[in-house]
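Have the viewer open and follow along.

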Amino acid sequence: MKCIICGREAENKDYCLLHKKACENLKEKYEHWKKALGLSWRDYLIQVAENPFSGVKARQVAETILNEDK
Ligand SMILES: [Zn+2]
């Protein structure tokens, strides 16, 4: 399996180590946002994807998940 974002060898399932980490970070931060603002997962991903201050990898993961959901 290859990472669906960067094509590197995937750790498990869809993501390489770097993008798996980015994905885990996203999920952790979402818990905080959900409590603070009541954002849905999808709204949160849109925020991350559109925010120029999000890390590059966080944005890549958010965009990838959003595209998969379509
Ligand atoms: Zn990757």
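## Starting at W41

This is a predicted model, so read everything below with that in mind. W41 counts as partly exposed, because its C-beta neighbours inside 10 Å number 14, and a residue needs 20 or more to be called buried. The helix that holds W41 is α2.

## The overall layout

Zooming out, the chain has three helices and zero strands, and from the N terminus on the order is simply α-α-α. The radius of gyration comes out at 12 Å, close to the 11 Å that the globule rule gives for 70 residues, so the chain is as compact as a globular protein of that length.

Along the principal axes, the C-alpha atoms fill a box of roughly 35 × 20 × 20 Å. Of the 70 residues, 19% count as buried.

## Helix α1

α1 has 21 residues and reaches 30 Å from its first C-alpha to its last, close to the 30 Å expected at 1.5 Å a residue. Its buried residues are H19, A22, C23 and L26. An α-helix has 3.6 residues a turn, so residues three or four places apart point the same way.

After α1 comes G38, and its phi is positive, near 65°.

## The core, and V61 in it

Which residues make up the largest nonpolar core? There are 11 in all: C3, Y15, C16, A22, C23, L26, L45, V48, A58, V61 and A62. The elements giving two or more residues to this core are α1 (17-37), α2 (41-50) and α3 (56-69).

You'll find V61 in helix α3, and it is buried because 29 other C-beta atoms lie within 10 Å. Setting aside neighbours within four places in sequence, V61 is in contact with I5, H19, A22, C23 and L26. Take the V61 and C23 pair: they are 38 residues apart along the chain, yet their C-alpha atoms are separated by 6.2 Å. Seen from the other end, and with the neighbours within four places again left out, C23 has contacts with Y15 and V61.

## G55, in the loop

G55 has its place in the loop between α2 and α3. Is G55 buried or partly exposed? It is partly exposed, since 13 other C-beta atoms lie within 10 Å. G55 and A22 are 33 residues apart along the chain, and 8.8 Å separates their C-alpha atoms.

## Out at E9

E9 lies in the segment before α1. This residue is exposed, because 9 other C-beta atoms are within 10 Å and the cut-off for exposed is 12 or fewer. Not counting residues up to four places away in sequence, E9 touches K2 and C16, and C16 is one of the core residues.

Notes
Residues numbered from 1 in each chain as written. Predicted model: local features only at pLDDT ≥ 70, side-chain atom pairs only at ≥ 80, totals over all residues. Core = buried A, V, L, I, M, F, W, Y, C linked by C-beta atoms within 7 Å. Helix = DSSP H or I, 4+ residues; strand = E, 2+ residues; numbered from the N terminus. Contact = placed C-beta atoms within 7 Å. Rg over C-alpha atoms; globule rule 2.2 N^0.38 Å. Expected span 1.5 Å × (residues − 1).
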